[in-house]
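Please look at the model below before reading on.

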Amino acid sequence: MSSTVQPRGTTKIALAAHSWLVYLFFFAPILVLIVFSFSDDNNVGRWGGFTLEWYQDFVENTQLQNAVWVSIRVAVLSTVISVVLGTLAALALERFKFRGRKVFDALLYLPIIIPDVTMAVMMLLFFSEFFDLLETWFGLDWQKGLSSITISHIAFNISFVSVVVRARLAGMSEVLEEAALDLYASRWKTFRYVTFPQILPGVAAGALLALTLSLDDVVITQFSSGPGATTLPVFVFGLIRRGVTPLINATSVLMLAASVILVALSLAFQQFSGRPSLRTARQAISAKPTTNTQSKEGIPQ
Amino acid sequence: MSGEPIPAVKLTGITKRFGDVVAVDDIGLEIADGEFFALLGPSGCGKTTTLRMIAGLEFPTEGSLKIFGNEAGTLPANKRPVNTVFQDYALFPHMTVEANVAFGLKMQRVPKNEIASRVQEAIGLVRLEGMGQRRSQQLSGGQRQRVALARALVNRPKVLLLDEPLGALDLKLRQEMQSELKALQREVGITFVFVTHDQEEALTMADRIGVMNQGELLQVGSPAEIYEHPVNRFVANFIGQTNLLDASVVSNDKVCLANGEHIPGHCDLPVGTRVAVCLRPERAEMYPPAKVPDGQRSVTGRLESVTYLGNALVYTVVLDWARLEVRRENQPGGYRPHVGEEVAVSWTDKAISVVRA
């Protein structure tokens, strides 16, 4: 007898149809996007025969490539910094008691809760005031650009990273840290050898989230970018206003490919780290507590 | 003062408060080198807090804590020559058994080849040969317990602290581990201090027991001392099964039971003090009312129920002022009264002790 109930007849057909509909709903737009990126027609919605012209365009369009590079640099930089700061914040909130902890806790959630537009306007005001101050006090002329985009991305990414890392920390028993301390580890070594390896999946997930959010963001970036630098999503947004060509499709397909690779890599990373392999798990199950090494090759089960 | 051996652990006036809550209240205790010492008490009695203070995971609010004569009150846990076996073992899940056991040595910067040999030795000591490459998720409860022991013992601590070490194991395994722990302690000769709420475990394993309740250390003594001469009602009740009969002091060798009968019973408390007479179920005897042997004190009541335990029978006898349990070995041909019959519960003067109420 099988342990799960298998649907039969019309139920089975209806369920299958439903799944296919869901898949269609998810992937049809993507398919359309990919197909039309190879279309030899200036109009995005009309098929004009196969061409690689738009990919060629992408390669030749330095502005677009510039935007890609800015995006990547902002994403990587803001991810690294926000992962460090966000993890530290998570550790502080989860493991230490200090004055103003509750206030800090509440404030940390703000960037997640408040609308992007509000955040963007806040950033805009902040940077214009800040740059004015720099100018009047130190005579520095600093323009919005790569650094201001990065700072604004760090500002919201810290919150997301710390929420994810905290969830992981909350699930990790403090006794492990006490055990490390009891076994002569200093606070730093306790973090290095016990806490960090334990929260690593959370940190990795937080980093991935930060990377995605940074690569995705339009609104906040729009308000904190300057003439010197703009990110890919903001640039694509601009393209739409100027008239759409399948260049956008080609760009999107490349972005899509990049993110699929990224997700695949992260999945592979999770597979290889942390979890014991299936083989060793099976060994553990088949070997009884009292049997020793010699009997491992013994009796086939 | 010379010649007196230095105690492994010496607590003087140790108090621990968490805000307004007094977790441990003015405890004084000496644990000798090489002793197997049990801190026994119900949950929340402060025994774990006491253990954690010895470990350095909690610092005392007041008092002095010495480990082999050295003041250690505020020394952090990683600077103390003690190691702990935690209640849920707290094995590092991302490390193999070997890495877990090697952790303490690695932190102390012991040379690599020495680490390797000492780890193998420790793993052998707890009979886990061949499991060095396993992770803790792949081990059974008993095996995890052994890894936790090896991880602590490999550091050759001066004192080993065990927090409810057998609490997570099932009965059969717990009994096995009890004798194994005892044997291990004799083998390594290290002072063991363990915390438990299980009185049977404490009686079986410990050389001496400290009974705690509500932050206070009520009595310290060998298992026999504590069982035979509990200092008060709480200890008498907590260690083993017992019948407690309300009484008051008449003179220093006589007490008056609640039914007005005067019986011999030694007690140093002032006349008139309310006390309890402690009569262990296995020391109580039972006879038909008219057949109580000479020289025994007795009370008469009605047999309410009989519980069959296999190796023994427990009779519950109801008096109009008390309820008594009598435990009799299951021997053929013994006196077997029926439920509802009148029976006499009796005892010799030596069988009872008088405790503070």
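The paragraphs that follow go through these topics in turn.

This is a predicted model, in which local features need pLDDT of at least 70 and side-chain atom pairs count only at pLDDT 80 or more, while totals for chains, interfaces and linings use all residues. Residues are numbered from 1 along each chain as its sequence is written, and chains are lettered from A and ligands numbered from 1 in the order in which they are written. The complex has an ipTM of 0.84 and a pTM of 0.78 from the predictor.

In chain A, helix α4 (residues 101-113) packs on helix α6 (residues 146-170) at an angle of about 115°, and their axes are 8 Å apart. Helices (H or I, at least four residues) and strands (E, at least two) are DSSP runs, numbered from the N terminus; axes are lines fitted to C-alpha atoms, for helices over the stretch in contact, and angles run from 0 to 180 degrees between N-to-C directions. α4(A) is therefore roughly perpendicular to α6(A), a word that covers 65 to 115 degrees.

In chain B, strand β16 (residues 297-308) runs antiparallel to strand β17 (residues 312-318), joined to it by 6 bridges; pairing requires at least two bridges found by DSSP. B:Tyr308 lies opposite B:Leu313 of β17(B). The hairpin of these strands has 3 residues between them, and B:Gly310 there takes a positive phi near 95°. β17(B) also pairs with strand β18 (residues 323-329) of chain B, antiparallel over 7 bridges, and a hairpin of 4 residues joins β17(B) to β18(B).

Methods
Angles under 35 degrees count as roughly parallel, over 145 as roughly antiparallel, 65 to 115 as roughly perpendicular and the rest as oblique.
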